[in-house]
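Please brief me on this model.

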Amino acid sequence: MDILLNKLRDIELRYQELEGLLSDPQVVSKQGLYQKYAKEHSDLTELVETIRRYEKLKVRIAENRELLSENDEEIRAMAKEEIPVLQKEEADLEEKIKILLLPKDPNDDKNVFLEIRAGTGGDEAALFAADLYRMYSYFAEKRRWKVEILSQNEIGIGGFKEVTFSVKGRGAFSRFKFESGVHRVQRVPETESQGRIHTSTVTVAVLAEVDDIEIDIPDSDIEIDVFKSAGAGGQNVQKNMTAVRIHHKPTGIIVACQDERSQLQNRLRAMSVLKARLYEIEHEKRQSELDATRRSQIGTGERSEKIRTYNFPQSRVTDHRINTSSYNIAGVMDGYELDTFIEELQHAEEAERLANFETND
């Protein structure tokens, strides 16, 4: 605990130093430097506020212990009664501080790209892909995040063979990263005349938006084709060649974008998605090398995993990674109950990381 207390004192000193730097005219005049210090200050604020509450609490506990030697019996009784309550709060704050000290995922604050693809189940899988798109859109809009479709391959009855879209908003990746994997649906399709329950699957990939400085793609590594944008059923919605398809030759990855009005806009969007996918491949490779155990337990995003089942006849949604169920499937599909799973997944990840933190402390 002494090591932790020393670390907390160093953090408080750094926080005070940052407050001084942010009021320094020389720093204020340098926009890039000011923003760097402002972000560091913002990132430390919750931790420092918690540390200060913790320090005040320790003082109160010490004061109450001193009161135990008072002659006044009533004062001694009050102090004796309050100490366990304060100690419980102290333990809770210690736990919170340790969680706040855990290294933050550098992608957590970034925008995201989501790729939803129909798996097994034919038209029913495509219809559920559209349902998941709407679920994520409602979830994002509830937080006032911006949703934009980048490309889509529709079927005539309102489903998607695949759809790629972006979600822009601070912290988007921190919430959506747990959605990567195989989603299974069990329900009676609208086209089923016998009332039989069908099982279909949809894959979801979640990619953090990558800054230009993070990954470089040589022109020699890509082939770019342009074509006419098309709507449902293959009908042309534009006469001009505005849609863009990029083939990354070293990996075989193909990315298409057709929903922007100009070829340049579609090309820029497609390149953004390609960079995100290449970054994710490299990130997963590093994660696999560094921590294979963690990837096998929580939030790995492996597409071969069945992460969640949506059972419509029983109005049940079950997340298999944390063995948690909701019996409000309508609320989940409307985006309101999705937090039930995301928060539990975050807690599970934090608990695992905290266990590793304490082991290495």
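Helices (H or I, at least four residues) and strands (E, at least two) are DSSP runs, numbered from the N terminus. On that basis the protein has 10 helices and 11 strands. This is a predicted model: local features need pLDDT of at least 70, side-chain atom pairs count only at pLDDT 80 or more, and totals for chains, interfaces and linings use all residues. Residues are numbered from 1 along each chain as its sequence is written, and side-chain values use heavy atoms, with hydrogens and water left out.

**Overall**
- Of the 361 residues, 43% count as buried (buried means under 20% relative accessible area, exposed over 50%, partly exposed in between; 1.4 Å probe, protein chains only).
- The accessible surface comes to about 19900 Å², and 47% of this belongs to carbon and sulfur atoms (Shrake-Rupley method, 1.4 Å probe; for residues, only the protein chains shown count as cover).
- Among contacts (heavy atoms within 4.5 Å) with a separation of 6 or more, 61% join residues 24 or more positions apart.

**Helix 3**
- Helix 3 (residues 31-67) has 37 residues and should span 54 Å at 1.5 Å a residue; its end C-alpha atoms are 53 Å apart, which agrees (expected span: 1.5 Å times one less than the number of residues).
- A kink of about 40° is centred on Thr-45 (the bend is the angle between axes fitted to the seven residues ending there and the seven starting there).
- Thr-45 is one of the buried residues of helix 3, which also include Tyr-37, His-41 and Ile-61.

**Salt bridges**
- The count comes to 26 salt bridges (a side-chain nitrogen of Lys or Arg within 4 Å of a carboxyl oxygen of Asp or Glu).
- Arg-277 and Glu-115 form one, at 3.7 Å, N to O. This pair joins helix 7 (residues 263-290) to strand 1 (residues 112-118), 162 residues apart. Arg-277 counts as buried at 17% relative accessibility, and Glu-115 is buried at 2%.
- Glu-148 and Arg-269 meet at 2.8 Å, N to O. They link strand 2 (residues 146-154) with helix 7, 121 residues apart. Both Glu-148 and Arg-269 are buried.
- Arg-134 and Asp-131 pair at 2.4 Å, N to O. They are three residues apart in helix 5 (residues 122-142), so about one helical turn separates them. Arg-134 is partly exposed at 34%; Asp-131 is buried at 15%.
- Lys-142, Arg-143, Arg-175, Asp-339 and Glu-343 are linked in a salt-bridge network.

**Gln-186**
- Gln-186 sits in strand 4 (residues 181-187).
- Gln-186 counts as buried because its relative accessibility is 17%.
- Leaving out residues up to four places away in sequence, Gln-186 touches residues including Ile-197, Thr-199, Tyr-310 and Phe-312.
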